[in-house]
Amino acid sequence: MHIHNPLSQQPLCLICHKPIRKEPSLFTLVYDSPICASCLAQFEPLHYVGSFHDVKLTILYRYNAFFQTLLFRYKGQYDYELRNAFIVSDQRFLSDYYRSHVIVVAPSDDIANKKRGFIPTAGIASSFSSNIFTGLYKKSPFKQAEQSFEGRQKIKDVIDIKNGEVLRKKKVLLFDDVITSGSTLEKCLDLVCHYHPASIEIVILATRSYHLEKNI
C-alpha cells in the first residue's frame, strides 16, 4: 500500500516519503512501484544463482549500507509498511515462479516479534505469496549480529520446527533476509528436508559476501 500525500493525493515513496514521480520508463510502465526511482537505484542487484548443500540458491542483492539501514528501519524500528519495499523489481517473478510453493521463512526471536507485532521474514514474503509457513522457530533468544563467526554456529542448537508435516511432498521455498555464515540456513534446510518435500529451493534477499563461491 502506498503512502499518500493528503494535499496532492500523489503516492509517496515508502522509503523516503517523497512523491513518486512517474517518469517515463519501461519499469514504470510495467510496475506500480511503491518506492521512487531514486530509492530503487540504491539497491545493488546481485541476482546470484548457485547452490547451497546441493540446493538451488538465489540471492537478490548485495548487503550495502542502504540495505542495512532499510532492514533496521523495518526490523528494529517496526516500520511494517517497508515490507513491500524490498523486492519491487523481483516481485512479479517471485510471485509467478513460486506460485505453487510453500514459502518457509527463516525464524526470528519470538520476544522481538511480539514487540514488533509481526514476523519480519513473513512480512516480506507476503509481498509475493500468501502460502507462508512460520513453523521454524528459535527455542531461545539468539542474536547472530552479536556473535563471532564461531559463535554463530551455535544457532544450530537454537532453531527447531513445529507442524512440519504440512511440508511433506510439497514444493518448498526457503526464504531469509540475509546470509552471513550460512549456519541458520543450514539448520533450517536440515529441519525442512526431514519431511521430504517434493522439491526445495532457497531465496535470500542479500549477502555481505562478495566472494560467494568461497564463503557460502
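**Exercise 1.** In this predicted model, find which residues of α3 are buried and which elements they pack against.

*Solution.*
Step 1. Helix α3 spans residues 65–75. Its buried residues are F66, F67, L70, L71, R73 and Y74.
Step 2. These residues cover an arc of only 160° around the axis, so they lie on the same side of α3.
Step 3. In an α-helix with 3.6 residues a turn, residues three or four places apart point the same way.
Step 4. The buried residues of α3 pack against α2, β4, α6, β9 and β10.
Step 5. At the start of α3, a side-chain oxygen of N64 comes to within 3.3 Å of the backbone nitrogen of F66.

**Exercise 2.** Determine whether D177 is buried or exposed, and list its contacts beyond four places in sequence.

*Solution.*
Step 1. Locate D177 in strand β9, residues 171–179.
Step 2. Buried means under 20% relative accessible area. D177 is at 8% relative accessibility and therefore counts as buried.
Step 3. Beyond its neighbours within four places in sequence, D177 contacts F67, L71, K75, T121, I204, L205 and A206.
Step 4. The side chains of D177 and K75 are joined by a polar contact of 2.9 Å.

**Exercise 3.** Describe the largest nonpolar core and state which element supplies its largest share.

*Solution.*
Step 1. This core has 37 residues, of which I15, I35, F43, F67, F86 and F175 touch the most other members.
Step 2. Elements that each supply at least two residues include α3, β9 and β10.
Step 3. The largest share, five residues, comes from α3.
Step 4. A second, separate core of 28 residues includes I161, V172, L191 and Y195.

Notes:
Residues are numbered from 1 along each chain as its sequence is written. This is a predicted model: local features need pLDDT of at least 70, side-chain atom pairs count only at pLDDT 80 or more; totals for chains, interfaces and linings use all residues. Side-chain values use heavy atoms; hydrogens and water are left out. Helices (H or I, at least four residues) and strands (E, at least two) are DSSP runs, numbered from the N terminus. Buried means under 20% relative accessible area, exposed over 50%, partly exposed in between (1.4 Å probe, protein chains only). A polar contact is a pair of N or O atoms within 3.5 Å; within protein, one must be able to donate a hydrogen and the other to accept it, and residues adjacent in sequence count only if both atoms are side-chain atoms. Contact means heavy atoms within 4.5 Å. A nonpolar core is a set of buried Ala, Val, Leu, Ile, Met, Phe, Trp, Tyr and Cys residues joined through side-chain atoms within 4.5 Å. The arc is that of the directions from the helix axis to the C-beta atoms.
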